[in-house]
Amino acid sequence: MDIENQKIDYKSIRKIRSGDKGFKELAVSCVAFANAQGGTLYIGIEDKSLVPLAEQTVTENEINDTVSRLHSLCFNVSLTSSGLIKHQNGGEYFKIIVAPSIKSIATTSDGKIYLRIADKCEPVRNEDIQRLSIEKGAYQWELLATRFSLADIPVENVKKFASDIRESDRVKDHVKQMSDLEIMEHYNLIDGEIVTNLGVLWLGNAKQRSRISFPITVQYIVYNHLEQKVRKIEWHDNVLNPKELLLAIESEATELSYSYEFPDGLFRKQIRHYHPKVLRELLLNAFAHKSFTISSDIMICVYPDRMEISNPGGLPLGVTKDNILHQRHRRNPYFITIMSDLKLMEGEGSGYDLIYELNGMEAKRPPVIESSFNETKVTLYSDIQNVDVLPLLDYTLSNYKLSQKGYIAFGAIAAEAKMQATKLSAYLQLSDDERLRTYVEPLLKDGIINKKGTKKGTTYYINPKLIANSKANIKTSLKTIEPYALKALILEDLKYHPQSLISEIAERLPDVERSDLQKMVYSMVGNEIKATGGKTYRKYELI
């Protein structure tokens, strides 16, 4: 079985045998699933082993009673049971299938609202209730029936869409064998003979798209170094479906294809200002997470040093700029399914992982994300943070097979020469040391990085042997200086500059990490150096 995630939760059989408390916990899960994308509760499965207890038995009366009790403890929640299921180990269990609450907000019987985010059921705060209502509108928008029937839709558009689906290796064989009409139904483009909003978006003509609220419209604006407009393209005519619109933007946005050129032995190496896969992910994220209930354009603004992409609608509820690498929540799930099946985008929830990976392996900064109630803006910078590490990154890519997590962590550490565990955890949006280990342990095992210190004082840095083997011309830096050498450096500095503040020492040793400098100075007080003055203006000199 799959581990717990956005749509799966495992509960012990004790939950339905422990009285009201257990059923109330199950009701919270049902409400959270209903307010998100729906989901399945496995009752009788231990979440650590993912199997029922051997010889565990469940009666039909218990299953029926569970469904009845949950119905009384949840409002606006549609749920059904799977009936009794027997595991191969002899244990019995059953499933509660919860449908998404499309037109209303689900609550517990005491009026509390929850939302499923990743593998947790989170309470919804008062200030987020309006956002949740907006999200419900977004889910409904895709499936909402329009005034158009299937007979109104151009036949060639239907045939083209069905052909594209059948040609994709991401689509299962049984879907490819469907008729054109069945494929339309499978992807929720039609409801009977009536075309949905999603159907008009993909299959309609310009006139039909212009009559739905609201189709995808885009502005592409280029600015010079004075932030004056020098070029503008608009896609407001609704002639193109989402796939055609994406390809048109990639074709006409020539400024996004500019490259840097670097010497590479006898040849020249080119690195795009913006990796094409990163560009596509950001564009598709803007498409897929646009709030179709807001009348506003997707804006692509290109400046000499950066690109900004903004789309109508804030980040989905529960997703923030500080957890976007790990939280999975889809605003327009059926639209995203089509994009994924047509191989236009990465699998669900993997887009920002790819962006971090590709930017890291080109020594570029991660995207900067800003979100308000009505807009989400992503800024991507074109500059390369440290050109000297590019040969090191290329050498590592060619000689080591790393996971995506490994590439992301390695790129971050390489760009800064060394990185404290706390800073790396923040960069990777991780909340505990255990999760950080999955990123760095393979790198340590392969000798790609080294570490020093323990716990929160742990620091990771690139293995000097790897730098030597890569023949990277990385400038010598005091960032990775050994403690004994740092101590000698401080002593030498105070020899010529007695009665110095730490800030003054730091100014004379700019390459040394401030935290390392402070830690070393404090450890030397009473031994090699002495301190005078108050806490704020404490000065140091040799003993």
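User: Which rings link up into a cluster here?
Analyst: Ring pairs join F161, Y187, W202 and F335 into a cluster. Keep in mind that this is a predicted model.

User: How many aromatic pairs are there by this rule?
Analyst: The count comes to 7 aromatic pairs. One of them is Y223 with Y303, and that pair is stacked.

User: What numbers describe a pair like that?
Analyst: A ring pair is described by the distance of the centres and the angle of the planes. The planes count as stacked because the cut-off is under 30 degrees.

User: Where in the chain do Y223 and Y303 sit?
Analyst: They come from distant parts of the chain, 80 residues apart. Y223 is in strand β13, residues 218-223. Y303 is in the loop between β17 (298-302) and β18 (306-312).

User: Are Y223 and Y303 buried or exposed?
Analyst: Both Y223 and Y303 are buried.

User: New topic. Which lysines have their charged end over a ring?
Analyst: K405 sits with its charged end over the ring of Y439, 5.2 Å from the ring centre.

User: Now strands. What is the order in the open sheet of 3 strands?
Analyst: The order is β10-β12-β11, and the pairing is antiparallel. The edge strands are β10 (145-149) and β11 (190-191), and each pairs on one side only.

User: How many bridges join β11 and β12?
Analyst: β11 pairs with β12 (residues 194-196) over 2 bridges, in the antiparallel sense.

User: Which residue in β12 does I190 stand opposite?
Analyst: I190 faces V195 there.

Note on methods: Residues numbered from 1 in each chain as written. Predicted model: local features only at pLDDT ≥ 70, side-chain atom pairs only at ≥ 80, totals over all residues. Heavy atoms only, no water. Pairing = 2+ DSSP bridges. Helix = DSSP H or I, 4+ residues; strand = E, 2+ residues; numbered from the N terminus. Phe/Tyr/Trp six-rings, centres within 6.5 Å; stacked < 30°, edge-to-face > 60°. Buried < 20%, exposed > 50% of the residue type's maximum accessible area, 1.4 Å probe, protein only. Lys NZ or Arg CZ within 6 Å of the ring centre and 35° of its normal.
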